[in-house]
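My notebook is open and the viewer is running. Here is what I looked up, entry by entry.

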Amino acid sequence: MEKSDNVCVRFTGKNYAAWTFQLEIFLKGKELWGRIDGSDKDLVAEGSVVAKAAWAAKDAQIMSWILSSMEPHLILSLRPYRSAKTMWDHLTQVYNQDNNARRFQLELAIANYTQGDLSIQDYYSGFLALWSDYSDLVTAKVSAEGVLAVQQVHKISQRDQFLMKLRPEYEPVRASLINRDPVPSLDACFGELLREEQRLHTQTIMEQARVASANVSVAYVASAYSKGKSRDMSKTQCYSCKKYGHIAPHCPHKICNYCKQLGHIIKECPIRPPPRPNKAYHAAVTAAGSSFSQTQPPANLLTREMVQEMIVSAFSTLGLQGTGSSALTWILDSGASNHMKNSLHGLSNIRKYCGSSHIQTANGSTLPIIAVGDVPPFLKDVFVSPKLAINLASVGQLVDNNCDVNFSNRGCIVQDQMSGQLIAKGPKHGRLFSLQLPIPRTLLPSSVLAFFCTAPKVSNEVWHKRLGHPNPRILSHLLKSGLISNKEHSASTVFLDCATCKLGKSKILPFPSAGSRATNPFEIIHSDVWGISPVISHANYRYFVTFIDDYSRYTWVYFLRNKSEVFSMFKLFLALVNTQFSATVKTLRSDSGGEYMSHAFQSFLQSNGIVSQ
């Protein structure tokens, strides 16, 4: 057989009906079916030698097609037969099971056949194959008139059985098809089920992607502590020994990054203090103005100095640092014999150093001392060495100057030994303690000084512009707290009429003023959505949408539960205009909100020739 003459269905001994159906069509296409059903006369006994040779060649070709479309173990049974017709008659006699046992077998197979794990296409193909064998067997001895009636009954039974044996996820489509009048044919039902299968497949993919993105952190933790079955551990690095192939809890050479001891990791360290809960500052404004409430612990109060420190940090982040910003950072050092600083900024009472001492560092090198000065209010005789990396406050020198220095997990505090008055305090960073000193005004950049200045009192509008256009509630809170001052501030709420804020919050620019109006009804429709309503109606309506005719100013109002219903309400309004007024809408004018600019809404307007403005 040539490549183009291949028969797709091979005869296995159990699929006689499908095989004969295919081969019969194939032979009819070659104009050779008459050799099988006997309609062509035998030219062997009569005719020329050439005609006899041609007949024998065609007959041998048909036999080769029959043999090539069969399983190898069935070919030997056809060796005694030397013509295509005798081969065909033998196969028909042996494998065409026209008996009650075969019919019962097919009926049982059809009754037990369900979709199971099959796709709609595979389920449909297998279902039709069983019914084709059954119909051929039942109608084999029925007249032509009776075959039509039997086939009509079989079509109804096929459709009902096909629908009732679907999986449960197709129940909505099955109910919709069965409840139609008339019920669609089997082919129509098959087409709708294919579309539903594709929709369910797409929905499943989207749901899996959403769940995977929502649970990515949980999945990462689970995979990190798994045994490596679903993760390539060769690319995973242990943060304890820095080697690849395992994680820290399973590391054979555990090293604690806190106490530097072997045998455990930092999470299992017995001497590591428990993590401190994050604390937030709370400021309370009393009736007196800028005083703070005493209901909170003193450590959590937001003082004016803390506010200034946070503002300086914010300005530093924006690149508005003043000169000598490093002078604000001091590290307490019990090994330093004297206060040391790396610049002259922020010092008072500066004098030249005339001694012969040097600063000796941990690596044995020495640094020169160029000057001595004081840092108000309590750091005296501070050595200045430009090559220092950071400023150091000597614990020993503080004690000599009648100061008490206390350290704890919360940080450090410096107090006067006699009065116990708090002089300075600072947080704990790892194993280092830093001091927060009052900010000298000479170190503040001009932009920060302008912010703190309270002498020249300005209006609310000026503060609104200086602070980056905050809303009136925030500005009123700052005024009442005393953080900024105002020559016209009262206890009432601040009202602002800022054109910049209005323009920034607008979704589109204002429509240009036009002297002309629509000349006919429904030429231009104005639409807008109002909501969310502070009070929900009994029917759970939260919004309403209006459609205003530019010509007559007549207004239609539709209530909505969600903004997404604007599109459907516009369709209802358009149908009302078309049916009741025999008119068409030419232009829809809105504020270009998301409910009007959706792809579906804009496509609908374009398909109906409506201009969106």
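**Entry 1: the whole chain**

I began with contacts (heavy atoms within 4.5 Å). Among those with a separation of 6 or more, 49% are between residues 24 or more positions apart. I noted that this is a predicted model, in which local features need pLDDT of at least 70, side-chain atom pairs count only at pLDDT 80 or more, and totals for chains, interfaces and linings use all residues. Residues are numbered from 1 along each chain as its sequence is written, and side-chain values use heavy atoms, with hydrogens and water left out.

I then looked up the elements and found 19 helices and 18 strands in the chain. These are DSSP runs numbered from the N terminus: helices are H or I with at least four residues, strands are E with at least two. Of the 613 residues, 33% are buried. For my own reference, buried is under 20% relative accessible area, exposed is over 50% and partly exposed lies in between, with a 1.4 Å probe and protein chains only.

**Entry 2: strand β6**

Next I asked how many residues of strand β6 are buried. I found 5 of the 5 (residues 371–375), so β6 is largely enclosed by the rest of the structure. In a regular strand, side chains alternate between the two faces of the sheet. I checked both faces of β6: Ala 371, Gly 373 and Val 375 are buried on one side, and Val 372 and Asp 374 on the other.

I also looked up its partners, where pairing takes at least two DSSP bridges between two strands. Strand β3 (residues 348–352) pairs with β6 in the antiparallel sense over 3 bridges, and Lys 352 stands opposite Ala 371. Strand β7 (residues 379–384) also runs antiparallel to β6, joined by 4 bridges. There, Leu 379 is the bridge partner of Val 375. A hairpin of 3 residues links β6 to β7.

Two packed helices are described by the angle between their axes and the distance between the axes. My axes are lines fitted to C-alpha atoms, for helices over the stretch in contact, with angles from 0 to 180 degrees between N-to-C directions.

The axes of α1 (residues 16–29) and α5 (residues 84–95) come within 11 Å and cross at roughly 155°. That makes the two roughly antiparallel; the class limits are under 35 degrees for roughly parallel, over 145 for roughly antiparallel, 65 to 115 for roughly perpendicular, and oblique for the rest. Which residues make the contact? I listed Tyr 16, Trp 19, Thr 20 and Leu 23 from α1, and Trp 88, Leu 91, Thr 92 and Tyr 95 from α5. They divide into 6 nonpolar, 2 polar and no charged. Nonpolar here covers Ala, Val, Leu, Ile, Met, Phe, Trp, Tyr, Cys and Pro; charged covers Asp, Glu, Lys and Arg; the others, Gly among them, are polar.

Helix α3 (residues 49–68) packs on α5 at about 30°, with the axes 8 Å apart, and the pair is therefore roughly parallel. The contact uses Asp 59, Ile 62, Met 63, Ile 66 and Leu 67 of α3, with Ala 84, Met 87, Trp 88 and Leu 91 of α5. By class I have 8 nonpolar, no polar and 1 charged.

**Entry 3: an open sheet**

Last, I traced 5 strands in an open sheet of mixed pairing, ordered β16-β15-β14-β17-β18. β16 (555–560) and β18 (611–612) each have a single partner strand, so one side of each lacks a neighbour in the sheet. β15 (residues 543–549) pairs antiparallel with β16 over 6 bridges, and Phe 544 stands opposite Phe 559.
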